[in-house]
Amino acid sequence: MLSDSLTEFHVSPGGSLCGRIRVPGDKSISHRSIMLGSLADGVTRVSGFLQGEDSLATLGAFRAMGVEIEGPHDGRVVIHGVGRKGLKAPAQPLDLGNSGTSMRLLAGLLAGQGLDLVLTGDASLSGRPMRRVTAPLAQMGARVEATDAGTAPLHIRPVEALHGIDFALPVASAQVKSCVLLAGLYADGETCVTEPAPTRDHTERMLQGFGYEVRREGNRICLRGGGRLRACDIDVPADISSAAFFLVGASIAPGSDLLLEHVGMNPTRDGVINILRLMGADIEVSNERSMGGEPVADLRVRHAALHGIHIPEDQVPLAIDEFPALFVAAACAEGETVLTGAEELRVKESDRIQAMADGLQALGIDARPTPDGMIIQGGALHGGEVDSHGDHRIAMSFAMAALRADGGIRIRDCANVNTSFPDFGRLAGEAGLHIVTENG
């Protein structure tokens with residue numbers, strides 16, 4: 001593979017986004033379909049699977065642990081489940097690439113398997129905090145060892161048994177919640193997680209889809225260990241995080257009228273729509289339906305004059321991955337946009353607060369980072385050069401910024417777009433973005 005630094009986006013200014021498109025399948029659901037399908041009894045068939053590097057890292061990990069998986073072919077995957085305790089120790093460390101979801105969820109899912117194995121990843125993943133999962137797992141009796149800095153690689157050692165705990169999340173995190181619940185499948189007694197604010201609930205929904213009882217009481221989610229997962233069919237909806245770039249692009253580009261088809265509308269993920277509407281965006285939701293327990297709809301977005309807002313903190317966990325795109329919307333809005341309560345953005349694939357502030361400043365925008373957010377004064381976007389720091393969401397966000405810029409934007413270090421949206425350049429080009437990918 002080409003190194004990240006050799007892949008660049010060159011985006012010409014102007015244009016509009018029109019037509020109808022379907023963005024790739026939801027990454028969160030794709031990950032979990034492989035994980036639970038592998039542990040189920042029977043054959044699970046998945047359609048709409050995201051064939052990005054992160055999801056493929058999860059798929060490769062379960063193949064390495066002895067699971068027969070056919071595909072993916074055009075988003076279709078067939079998983080021959082081995083049952084809850086049927087995984088085998090891999091011959092080599094499991095390389096999870098850039099995927100924090102894979103590492104944090106697998107740490108919980110594998111903690112009670114009785115296997116001795118190592119989870120590793122690339123330089124970015126190896127710098128991300130893992131104590132947030134190793135600490136609660138230790139309370140459950142697991143032996144998951146990180147580096148002295150609390151980072152990967154993670155060495156999971158076999159233990160006799162795990163025991164259920166009642167765990168209060170210190171910060172709202174779907175990955176930590178899911179890690180503890182997945183470990184709870186192998187624990188004696190009941191495992192409960194209390195979250196301080198709603199986070200994405202794909203794990204709970206999918207467990208129920210596989211016939212596993214999950215109980216929710218307000219902000220507390222509980223399950224009992226020792227149950228059985230039964231294979232099922234999964235139709236993965238289009239990823240709202242990938243749709244977010246187009247929602248912002250069409251909102252800021254005059255003349256845009258774009259229909260996004262079959263988008264996942266999970267109420268724990270719809271913050272980007274709520275925030276854009278508060279800013280004045282014209283987003284119409286239609287054809288609402290349910291697919292495998294997940295709400296789905298078509299989204300029509302047309303250009304609108306946006307205005308700055310103070311983003312409500314209760315929306316922050318519902319849009320945590322979409323803020324790079326929302327920062328671009330704020331740069332194109334009239335007035336001031338203020339984000340607080342989003343310190344989690346500093347420990348994503350990059351420090352997304354600092355990286356986006358640096359990039360927006362390079363394009364002529366007054367963007368002031370704060371410890372837990374940013375203050376952005378809407379203004380005129382100029383052409384220029386920005387660094388995505390290997391972060392796929394930053395790269396795609398700045399590509400959309402060119403729709404309103406007065407000059408071209410060159411975005412460095414873009415290879416990791418393949419982790420979540422391998423066909424971004426082609427699909428964005430078909431919709432009307434003037435983008436060229438350069439591989440040095």
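The structure is a predicted model; local features need pLDDT of at least 70, side-chain atom pairs count only at pLDDT 80 or more, and totals for chains, interfaces and linings use all residues. Residues are numbered from 1 along each chain as its sequence is written, and side-chain values use heavy atoms, with hydrogens and water left out.

The protein chain holds 12 helices and 25 strands. These elements are DSSP runs numbered from the N terminus, with at least four residues for helices (H or I) and at least two for strands (E). The C-alpha trace spans about 60 × 45 × 45 Å along its principal axes.

Buried residues account for 58% of the 440 residues. Buried means under 20% relative accessible area, exposed over 50%, and partly exposed in between (1.4 Å probe, protein chains only). Contact means heavy atoms within 4.5 Å. Of the contacts between residues at least 6 apart in sequence, 74% join residues at least 24 apart.

Strand E5 (residues 76-80) has two antiparallel partners described here. Strand E3 (residues 43-47) is joined to E5 by 4 bridges. Here Val43 has His80 as its bridge partner. Strand E4 (residues 68-73) also pairs with E5 over 4 bridges. Pairing requires at least two DSSP bridges between the strands. His73 is bridged to Arg76 in E5. E4 and E5 form a hairpin with 2 residues between them. In its turn, Asp74 has a positive phi of about 50°.

Helix H8 (residues 271-278) has Gly271, Val272, Ile273, Ile275 and Leu276 as its buried residues. These pack against helix H7 (240-252), strand E18 (282-291), strand E19 (294-302) and helix H9 (323-331). Gly280 follows H8 and has a positive phi, near 105°.

Asp391 lies in the loop between strand E23 (384-387) and helix H11 (392-401). Its relative accessibility is 0%, so Asp391 counts as buried. Beyond neighbours within four places in sequence, Asp391 is in contact with Glu349, Ser350 and Arg352.
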